[in-house]
Amino acid sequence: MNTGHVELARAQQERWQTAYEQHPHLHGTGPSEAARWAAGAFGAAGIDDVLELGAGQGRDALFLAQQGFSVHATDFSEAALDQLRLAAQREGLDDRVTAALHDVRDPLPPADATVNAVFANLLLNMAFSRAELRSLVGEVHRVLRPGGLFVYAVWSADDPWSEQWQELEDGLAMRDGFVGRFFDEALIHDLADRWRLDDATPYQEGARRLWRVALAKPHPES
């Protein structure tokens, strides 16, 4: 990672930490549409444990736990994870939800081929360079067992909201100090290299247009 990317990552981490401290329900309390869909997909595949990346304050982690999944939630904001842990205790879900501080720019902690499912809602559209995105998706591929599922949701480049963002280099954009990326179909297919692309569906949640993507790690004989 070059110096510019390091500085950007640190600045964004500080912004998100402050935002979570000031707004205990920054993204609301109900689950995302992506989490609802993922719960069905994971259940249909016989999966009962999920690694969530970029869990934030935990609205999706708590929902997945309520559906019977064991969830290991990670985020790079300690403030968000503290709120997640308290909510899990309050709702009696702390036996199904664990939370750990982790920046996904670093290698994922699990060993190779030990995870059944990975979920990430609005994480991949954060301030990652294309190289960092490919590295992250590669790490998810590494830790998943063959046949394991990776479900993620990202902002769509077709959302008119993207026009309110200032364009930066490498396809990134900035608004109100926050940096992110809007995904087109080409980028989704680019990141699906070495995967089986099971789903790539545009959808709308509130005022936002998004993509829902489901990737499966092929078995060696596939």
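Residues are numbered from 1 along each chain as its sequence is written, and side-chain values use heavy atoms, with hydrogens and water left out. Because the model is predicted, local features need pLDDT of at least 70 and side-chain atom pairs count only at pLDDT 80 or more, while totals for chains, interfaces and linings use all residues.

## Sheets

Helices (H or I, at least four residues) and strands (E, at least two) are DSSP runs, numbered from the N terminus, and two strands pair if DSSP finds at least two bridges between them. An open sheet of three strands has antiparallel pairing and the order 6-7-8, with strand 6 (166–167) and strand 8 (178–181) at its edges.

| Strand pair | Sense | Bridges | Residues opposite each other |
|---|---|---|---|
| Strand 1 (residues 49–53) and strand 4 (residues 115–121) | parallel | two | Leu51 and Val118 |

Helix 3 (residues 59–66) is mostly covered, since seven of its eight residues are buried, where buried means under 20% relative accessible area, exposed over 50% and partly exposed in between (1.4 Å probe, protein chains only). Among the elements that cover the buried residues of helix 3 are helix 2 (33–44), strand 1, strand 2 and helix 4. Just after helix 3, Gly68 takes a positive phi of about 105°.

## The nonpolar core

A nonpolar core is a set of buried Ala, Val, Leu, Ile, Met, Phe, Trp, Tyr and Cys residues joined through side-chain atoms within 4.5 Å. The largest one here has 66 residues, and those with the most contacts inside it are Phe42, Leu53, Leu124, Phe150, Tyr152 and Phe183. Strand 5 (residues 144–155) gives the largest share of this core, eight residues. Apart from its neighbours within four places in sequence, Leu124 is in contact (heavy atoms within 4.5 Å) with residues including Leu133, Phe150, Tyr152, Phe183 and Leu191.

## Aromatic pairs

Rings of Phe, Tyr and Trp (its six-membered ring) pair if their centres lie within 6.5 Å; planes under 30 degrees apart count as stacked, over 60 as edge-to-face and the rest as tilted. The structure holds ten aromatic pairs. In one of them, the rings of Trp155 and Phe182 have centres 5.2 Å apart and planes at 35°, so the pair is tilted. Trp155 lies in strand 5 and Phe182 in the loop between strand 8 and helix 6 (185–191), so this pair ties together parts that are 27 residues apart in sequence. Trp155 counts as buried at 10% relative accessibility, and Phe182 counts as buried at 13%. The rings of Trp165 and Phe182 have their centres 5.5 Å apart and their planes at 85°, so that pair is edge-to-face. Trp165 sits in the loop between strand 5 and strand 6, 17 residues from Phe182, and both Trp165 and Phe182 are buried. Ring pairs also link Phe150, Tyr152, Phe183 and Trp195 into a cluster.
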